[in-house]
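I opened the model and kept short notes on what I looked up. The entries follow in the order I made them.

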Amino acid sequence: MFKFDEELFLRLVETEGLAYRSQIEEIVDGICRKGYSNIFMIGAGGTIAMMYPYEYILKSNSSIDVHAEIAAEFVVMNNKHFSKDSVCIFTSVSGTTKETIEAIEYCKSRGATTFALVAEPDTPITNLVDHCITTGSEKHSFDTFFMLLYMVVFRFMHNRNEFPQYEQFTKEVALLPRAILDAVKAFDPKAEAFAIEHKDTDYHMMVGSGNLWGNTYSYAMCVLEEMQWIKAKSIHAAEFFHGTLELVVEDTSVILLKGEDETRPLTDRVERFAEKVTKRLTVIDTKDFAMEGISEEFRKHFAVSINWALLSRISVYLERERNHPLTLRRYYRKMEY
């Protein structure tokens with residue numbers, strides 16, 4: 001596959017990523033023994049978007065009090081649910097994100113417990129938090145982070161006696177890297193075709209819901225807008241019919257992300273509408289992919305990882321077709337603002 005090293009992917013995500021299981025369990029078990037009141041999942045840009053699926057999973061499967069918060073807003077808002085007994089979870093690829101560092105410093109000043117997943121070693125974030133897992137590679141870091149966050153949130157649920165299936169679940173997490181690889185191989189021709197068709201498209205609507213809402217938000221803002229300078233809007237499927245539908249015409253690009261959780265009927269409704277109006281509807285549905293060995297019970301959770309990997313294949317082809325490197329920026333980390 002174009003710009004995809006299968007051996008490297010499996011080494012980083014499967015071999016090295018899965019090896020963090022015992023370390024995660026040790027950290028989470030220690031926090032649970034100490035006691036905590038709630039969980040705050042905090043990030044900026046792509047990393048707050050990464051937290052939304054796990055907030056959804058906890059809210060729909062657990063009584064744990066959970067809050068996904070944008071780092072810069074969290075620091076200034078004086079959230080009354082936050083206290084010294086809160087557990088604050090962060091992710092960062094670079095380990096240097098300014099807003100995340102400020103949020104960690106704020107949490108620590110209030111006595112809360114901080115835990116981060118970071119790609120780059122020996123960075124400000126790795127040195128600030130109480131607990132840190134450093135994966136050591138920026139490459140495929142999001143795939144690894146998604147997988148490790150499954151282990152984190154479901155371990156918290158298990159320790160609360162809300163998830164007796166934990167051992168079977170972690171066995172199936174171990175199958176996820178191969179399921180991702182199979183999915184991207186199957187999807188790759190469609191990703192290339194999308195990029196060729198849409199290399200000059202100047203606006204996309206991205207629609208999703210449930211545990212895919214974070215991916216919807218992230219891809220529109222952090223990839224299409226930030227990395228490709230294409231105008232895009234992320235729209236929650238539940239809100240699509242409260243305004244956005246009026247902008248859909250025959251040539252509007254609508255990218256619909258369909259998962260397998262309880263909110264699927266919301267995306268079904270958008271699909272029924274869009275296919276009547278626009279000729280440029282793209283549906284990316286995790287049900288189209290086998291996820292070998294993964295049970296029906298857990299497919300809906302793993303849809304987050306599958307979907308993100310599929311979107312990432314579109315990214316590399318957009319980069320090629322548009323002759324626009326994904327690393328190119330006008331302003332981000334280029335100037336003071």
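Entry 1, the pocket. I looked up which element gives the largest share of the lining of the largest pocket, and found α12 with 7 residues. Helices (H or I, at least four residues) and strands (E, at least two) are DSSP runs, numbered from the N terminus. The model is predicted: local features need pLDDT of at least 70 and side-chain atom pairs count only at pLDDT 80 or more, while totals for chains, interfaces and linings use all residues. Residues are numbered from 1 along each chain as its sequence is written, and side-chain values use heavy atoms, with hydrogens and water left out.

I noted a volume of about 1800 Å³ for the largest pocket. A pocket is, on a 1 Å grid over the protein atoms alone, an open set of points where a 1.4 Å probe fits, with protein on both sides within 12 Å along at least five of seven lines; lining residues have an atom within 4 Å of a point. The volume is the space filled by probe spheres set on the points. Of the 46 lining residues, Val-93, Glu-138, Phe-142, Met-227 and Arg-329 are the closest to the centre.

Entry 2, the sheet. I found an open sheet of 4 strands in the order β7-β6-β8-β9, with parallel pairing. Two strands pair if DSSP finds at least two bridges between them. β7 (231-236) and β9 (280-285) are at the edges with a single partner strand each, so one side of each has no neighbour in the sheet. β6 (residues 203-208) and β8 (residues 253-258) run parallel and are joined by 4 bridges. His-204 is opposite Ser-253 in β8. I then saw that helix α12 (residues 296-322) packs on the sheet and touches β6, β8 and β9 (contact means heavy atoms within 4.5 Å).

I looked up the largest nonpolar core and found 84 residues, with Tyr-150 and Phe-156 having the most contacts inside it. Such a core is a set of buried Ala, Val, Leu, Ile, Met, Phe, Trp, Tyr and Cys residues joined through side-chain atoms within 4.5 Å. Helix α7 (residues 141-159) gives the largest share, 13 residues.

Is Ala-220 buried or exposed? I found that Ala-220 counts as buried because its relative accessibility is 2%; buried means under 20% relative accessible area and exposed over 50% (1.4 Å probe, protein chains only). Ala-220 is in helix α10. Leaving out residues up to four places away in sequence, Ala-220 touches Met-206, Glu-225, Ala-232, Lys-233 and Ser-234.

Notes: Axes fitted to C-alpha atoms, helices over the stretch in contact; angles between N-to-C directions.
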